[in-house]
Amino acid sequence: METVHDPFIFEKPLLEGIIRKRKNRFIMIVEMEGILHDSHCPATGSIGDIVFRDIACLVSKSDDVKRKTQFTIEAISLDLPAEEHKSWIGINQNAANRYVEHFLKNGQLLNMVSNGETVLREKKLGNSKLDFLVDNTYIEVKTPLTQLQVEMKEHVELKKSSEFNSFERFIKHIGELSGSLTENARAILLVCLIYQNSGFKVGMAGKHSNYIMQSVQDSVQRGVEIWQTDFKITPTEVSLTGYYNITAQFLNGEIISRKS
């Protein structure tokens with residue numbers, strides 16, 4: 001793996017606050033320096049079945065005076081808000097593409113794609129519009145948050161878990177991709193985790209699990225590759241800590257990747 005270390009640096013350091021409540025799908029109430037702010041939540045679905053009450057967070061501040069919400073929540077922590085050194089979980093799925101583009105262009109993903117000199121955004125393949133085209137390789141980035149492969153601390157309140165239906169949409173998409181591949185093209189589904197983990201396993205429990213598994217295997221057999229990237233987010237930067245080809249695990253029905 002490459003030894004280049006060139007992190008994605010935030011233009012302005014992220015600010016730390018405490019999420020007091022999730023107001024709705026799009027808004028969380030964040031307290032900073034004793035003041036409550038309606039803050040944009042970029043992940044509109046469930047995030048690890050967490051009840052957002054007194055959860056530490058990192059937010060970015062917008063200079064756009066026309067925005068209704070001045071702050072955007074970029075990451076959360078399951079450590080106690082009073083802890084000085086926290087581990088962070090990135091939840092801005094849109095920002096994940098900016099991170100991936102940075103590491104493609106600076107050559108830190110050379111085992112997955114070429115040198116990244118011709119990185120194009122939002123290119124069509126069949127009926128789908130994919131996040132990137134690097135030479136002959138199409139890349140679609142997915143940042144799963146419904147299930148988090150992290151330790152849930154005792155103080156974190158959880159709600160009843162729901163079936164992981166977002167992965168079914170994931171499978172539908174790779175089916176479309178595999179049917180559109182040409183002889184010289186590659187298609188990669190990139191599972192992007194913006195937190196530190198010792199292994200990632202996609203939840204397959206549910207009434208559609210057999211169908212999902214078969215769909216994954218069919219797409220892989222038709223040429224779709226599945227890779228994983230691990231990022232670490234801090235108030236100042238996002239760094240790439242590892243990336244892995246996990247296609248074989250999907251094909252074998254394991255759907256699990258582990259750091260080697």
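This is a predicted model: local features need pLDDT of at least 70, side-chain atom pairs count only at pLDDT 80 or more; totals for chains, interfaces and linings use all residues.
Local features were considered at pLDDT of at least 70 and side-chain atom pairs only at pLDDT 80 or more, whereas totals for chains, interfaces and linings use all residues. Residues are numbered from 1 along each chain as its sequence is written, and side-chain values use heavy atoms, with hydrogens and water left out.

The chain contains 4 helices and 15 strands; these are DSSP runs numbered from the N terminus, helices being H or I of at least four residues and strands being E of at least two. Of the 260 residues in the chain, 52% are buried, where buried means under 20% relative accessible area, exposed over 50%, and partly exposed in between (1.4 Å probe, protein chains only). The accessible surface comes to about 13300 Å², and 47% of this surface belongs to carbon and sulfur atoms. Among contacts (heavy atoms within 4.5 Å) between residues at least 6 apart in sequence, 65% join residues at least 24 apart.

Rings of Phe, Tyr and Trp (its six-membered ring) were paired if their centres lie within 6.5 Å; planes under 30 degrees apart count as stacked, over 60 as edge-to-face and the rest as tilted. The count by this rule is 6 aromatic pairs. One of them, formed by tyrosine 99 and phenylalanine 231, is edge-to-face, with 6.2 Å centre to centre and 85° between the planes. This pair links distant parts of the chain, since tyrosine 99 is in helix H1 (residues 93-105) and phenylalanine 231 is in strand E13 (residues 224-233), 132 residues apart. Tyrosine 99 counts as buried because its relative accessibility is 1%, and phenylalanine 231 is likewise buried, with a relative accessible area of 1%. Both residues belong to one aromatic cluster formed by Phe8, Phe10, Tyr99, Phe103 and Phe231.

Serine 239 lies in strand E14 (residues 237-245). When residues up to four places away in sequence are not counted, serine 239 touches His5, Pro7, Phe103, Asp230, Phe231 and Lys232. Serine 239 counts as buried, at 9% relative accessibility.

Lysine 160 is found in the loop between strand E10 (137-142) and helix H2 (166-180). Lysine 160 is exposed because its relative accessible area is 80%. The C-alpha atoms of lysine 160 and valine 51 are 9.9 Å apart in space, while the two residues are 109 residues apart in sequence.

Technical notes. Accessible areas come from the Shrake-Rupley method with a 1.4 Å probe; for residues, only the protein chains shown count as cover.
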